[in-house]
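This report describes one protein model.

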Amino acid sequence: MMHTWFECKIRYEKTMENGMNKKVTEPYLVDALSFTEAEARIIEEMTPYISGEFTVSDIKRANYSELFFAEDTAADRWFKCKLTFITLDEKSGAEKKTSTNVLVQASDLRDGVKKLDEGMKGSMADYIISSIAETAIMDVYPYSAEPDVKPEFPQA
């Protein structure tokens, strides 16, 4: 399934550990078909977690070809990984390099590389990890189909 990821920045007043309130802007990633749907989805996802008012201060397309989610609870960070794939041009025999970005959920940088390599096991193409860096993304909301809607009229 193809995903279109949007990075949505949410601005709200957060109560800090010392009890003081501070305006913060946090990025989140949502899977949506359009900017309008991304805004609606992030509002729906964030409403239960933020008390008081918040605004969607920015929405932009995020260029990720794939996301690798982690099952373990320690994996609370997101790492942007730039991969370079090396292929051979059949006609000229020359090496061709193509880059893509993936997002990996991990606990730290080493764990990110490990989870990236695990996620890429099924790939037939050779790749090099050109860069890996921690992002500020707080959470990711993939698209999930609505539960089965009951028919309007009961079945006889």
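In which sense do strand 1 and strand 2 pair, and over how many bridges? Strand 1 and strand 2 pair in the antiparallel sense, over 11 bridges.

## Basis of the description

The model is predicted, so local features need pLDDT of at least 70 and side-chain atom pairs count only at pLDDT 80 or more, whereas totals for chains, interfaces and linings use all residues. Residues are numbered from 1 along each chain as its sequence is written, and side-chain values use heavy atoms, with hydrogens and water left out.

## The open sheet

Helices (H or I, at least four residues) and strands (E, at least two) are DSSP runs, numbered from the N terminus. Two strands count as paired if DSSP finds at least two bridges between them. On this basis, 4 strands form an open sheet of mixed pairing, in the order 3-1-2-8. Strand 3 (54-62) and strand 8 (140-141) are the edge strands, each pairing on one side only.

Strand 1 and strand 2 form a hairpin with 5 residues between them. In its turn, Gly-19 has a positive phi of about 90°. Within this pairing, Glu-13 stands opposite Lys-23 in strand 2. Strand 2 (residues 21-31) and strand 8 run parallel and are joined by 2 bridges. Here Leu-29 stands opposite Val-140 in strand 8, and Val-30 stands opposite Tyr-141 in strand 8.

Helix 1 (residues 35-46) lies across strand 1 (5-15), strand 2, strand 3 and strand 8. Helix 1 runs at about 135° to strand 3; axes are lines fitted to C-alpha atoms, for helices over the stretch in contact, and angles run from 0 to 180 degrees between N-to-C directions.

A nonpolar core is a set of buried Ala, Val, Leu, Ile, Met, Phe, Trp, Tyr and Cys residues joined through side-chain atoms within 4.5 Å. Buried means under 20% relative accessible area, exposed over 50%, and partly exposed in between (1.4 Å probe, protein chains only). The largest nonpolar core has 15 residues, and those with the most contacts inside it include Phe-6, Ile-10, Val-30 and Ile-42. Strand 1, strand 2, helix 1 and strand 3 are the elements that give two or more residues to this core, and strand 1 gives the most, with 4 residues. Leaving aside neighbours within four places in sequence, Ile-10 is in contact (heavy atoms within 4.5 Å) with residues including Val-24, Tyr-28, Ile-42, Met-46 and Phe-54. A second, separate core of 9 residues includes Trp-5, Tyr-64, Leu-67 and Leu-103.

## Aromatic pairs

Rings of Phe, Tyr and Trp (its six-membered ring) pair if their centres lie within 6.5 Å; planes under 30 degrees apart count as stacked, over 60 as edge-to-face and the rest as tilted. By this rule, the count comes to 4 aromatic pairs. One of them is the edge-to-face pair of Phe-69 and Trp-78, at 5.5 Å centre to centre with 85° between the planes. Phe-69 is partly exposed because its relative accessibility is 43%, whereas Trp-78 is buried, at 2%.

Phe-85 and Tyr-127 form a tilted pair, at 6.3 Å centre to centre with 55° between the planes. This pair links distant parts of the chain: Phe-85 lies in strand 5 (residues 77-88) and Tyr-127 in strand 7 (residues 126-134), 42 residues apart. Phe-85 is buried at 17% relative accessibility, while Tyr-127 is partly exposed at 24%.

## Cysteines

A search of the whole structure finds 0 disulfides, a disulfide being a pair of cysteine sulfur atoms within 2.5 Å. Cys-8 is buried, with a relative accessible area of 0%, and Cys-81 is buried at 0% relative accessibility.
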